[in-house]
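Welcome! Take your time and find each residue as it comes up.

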Amino acid sequence: MNRLFVFLILLLALVVCVEAESQNEIVVGGDVEKRATGSRGSTTVTTRKSWFERVMDSFVAAAIGFGMFFFTFAILTANEGALVTRLRSIDRLEEDLRSTDPELGTRLFYTTDTVIGGSLSDTTFGVSTKALRIRRLVEMYQYHEETSTKTVKDTVGGGETTETTYTLKTGWFDYQQSLSGNAEGTPAGGNPSFPTLSGELVMSRDFTCPLTISGHKLSDSQISQISQWVPLRCEPPGPESISVAHSTHLHDQCSVYLPSAASSYGTFGESAPGLANIGDVRIKWEVVKEGTYTVLCGQEGTQLRGYRVPGVSEYRLPLLCYPCTCGIGAWIINMLTSTVNVIDVIRAGTHSSDDIVVSLRKEANFASWLLRVIGFFLFFISMMLILSPLPTILDIIGFVGDVARFGTTLISIAMASILTPLVIAVCWVAYRPLIAMYLAIPPFVVWLFFAKAKGL
């Protein structure tokens, strides 16, 4: 369910971008005029889009909206089905934890103990320490663009003019910034590439080693859940004593500074001065220290893995929903929900099995409510996209288009408010018939009361 939630967050972000495009907040195409604003590092690009171009774009947005509309049905259906499967898995897990069956002891693993790591090294810089995980954080001082957009519609005619101002800024980033070249002062070659040392591109990177707890090996997915990062400090001698092969100048939070070729100050390994130059690189390290963790999962010999709860099948989207997703979407949803019946928990500190079970239920219900809210917004945005041709066409008479856009917004809110609980209610009838029946009794009694009062 967590993977489904992350996928939907990314999908919602993409949808918001599409909606912005459909409303022409950022316009590409049409007639373009480029001029400097007079301030150093800023350029304004003026784009003109005709009424016909906007109408064609709105029909493309409407087609996307139709696909999103039907896909939202499948998402809400999968959310309710996955929640039921997850809660059944947790209930069965609770029974297994209380069981005295010796066979379960060979499949279900629960313990609180110290996770033991090993010696980890970043050989490129000669950094080594004893920990569970270590990561190198690399940032380069680069140019980046900030944009601001202003769109003005024609009073009559339906066209619009968009002014986008590009301003060139500088800052520290852990990935290479791409530049459109529109801002005044943008270098012809863009930002420099990250440097190479000892044949390796100097970028952010994680290092780990096999980890064990109570004589059992943690799986890769469990290791990735251990993320209590703290700065690696230079306090030799001691368990975190380090050496940096390229530098003799270290600080409390071990860091290395790589001046660019253009820098007129500093040497390799010295701390960054107050003013940096484009291409300068700064590096620091963070570690996860050994500590006490609580693990609840499955096991196979001495290898830990996710505990696939027996008697609870994987969730699969109903076949009726496949047409809503054109098959590919259903495959993605099934892949994301394939582990809702798997228990794989590792948490820092000491936790009883009852505490973990309670927290798993809370997490499942919280994630389900978040996905319901996301479903509401997806319905709303999809309806806005579907109805977008109407106000765009009526924009030919300025204020009429604004009135129509306000009306389509109200309609979209109303449709989303009706469809979201309706889809959830239908799913409850399918997945939770008894609960749905009990919940249907109060509104049925209210309807019966008013029906008798009106003599129906």
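Is Phe 376 buried, partly exposed or exposed? Phe 376 counts as partly exposed, because its relative accessibility is 24% and the buried class ends at under 20%. Keep in mind that this is a predicted model. The chain has 456 residues, and buried ones make up 43% of them. Its secondary structure consists of nine helices and 20 strands.

**Aromatic rings**

- A pair of aromatic rings is described by two things, the distance of the centres and the angle of the planes.
- The count of aromatic pairs here comes to seven.
- One of them joins Phe 376 and Phe 377, with 5.5 Å from centre to centre and 80° between the planes. That makes the pair edge-to-face.
- Four phenylalanines, Phe 69, Phe 70, Phe 73 and Phe 379, form one aromatic cluster.
- Look also at Trp 369: the charged end of Arg 372 sits over its ring, 4.6 Å from the centre.

**Nonpolar cores**

- The largest nonpolar core is made of 34 residues. Leu 218, Ile 226 and Ile 283 have the most contacts inside this core.
- Several strands each supply at least two residues of this core, among them strand 3 (108-116), strand 6 (133-153) and strand 16 (291-300).
- Strand 15 gives the most, with five residues.
- What does Leu 218 touch, once its neighbours within four places in sequence are left aside? Its contacts include Val 115, Ile 226, Val 295 and Ile 346.
- There is also a second, separate core of 18 residues, which includes Ala 61, Cys 321, Ile 333 and Leu 385.

- Helix 5 covers residues 328-336, and its buried residues are Gly 329, Ala 330, Ile 333, Asn 334 and Leu 336.
- Why do these buried residues line one face of helix 5? Seen down the helix axis, they fall within an arc of 165°, so they line one face.
- The face turned away from that buried side carries Ile 328 and Trp 331, which are exposed.

- Phe 71 has its place in helix 2 (residues 51-98). Phe 71 is buried, because its relative accessible area is 15%.
- Phe 71 and Gly 375 are 304 residues apart along the chain, yet their C-alpha atoms are separated by 9.8 Å.
- Among contacts in the chain with a separation of 6 or more, 74% are between residues 24 or more positions apart.

**A backbone angle to look for**

- Most residues other than glycine have a negative phi.
- Ser 214 has a positive phi, near 50°.
- Ser 214 lies in the loop between strand 11 (212-213) and strand 12 (216-217). With 34% relative accessibility, Ser 214 counts as partly exposed.

**Cysteines**

- A disulfide is a covalent bond between the sulfur atoms of two cysteines.
- How many disulfides does a search of the whole structure find? The search finds zero.
- Cys 209 counts as buried at 14% relative accessibility, and Cys 427 counts as buried at 5%.

Definitions and conventions. Residues are numbered from 1 along each chain as its sequence is written. This is a predicted model: local features need pLDDT of at least 70, side-chain atom pairs count only at pLDDT 80 or more; totals for chains, interfaces and linings use all residues. Side-chain values use heavy atoms; hydrogens and water are left out. Rings of Phe, Tyr and Trp (its six-membered ring) pair if their centres lie within 6.5 Å; planes under 30 degrees apart count as stacked, over 60 as edge-to-face and the rest as tilted. Buried means under 20% relative accessible area, exposed over 50%, partly exposed in between (1.4 Å probe, protein chains only). A charge sits over a ring if NZ of Lys or CZ of Arg is within 6 Å of the ring centre and within 35 degrees of the ring normal. Helices (H or I, at least four residues) and strands (E, at least two) are DSSP runs, numbered from the N terminus. A nonpolar core is a set of buried Ala, Val, Leu, Ile, Met, Phe, Trp, Tyr and Cys residues joined through side-chain atoms within 4.5 Å. Contact means heavy atoms within 4.5 Å. A disulfide is a pair of cysteine sulfur atoms within 2.5 Å. The arc is that of the directions from the helix axis to the C-beta atoms.
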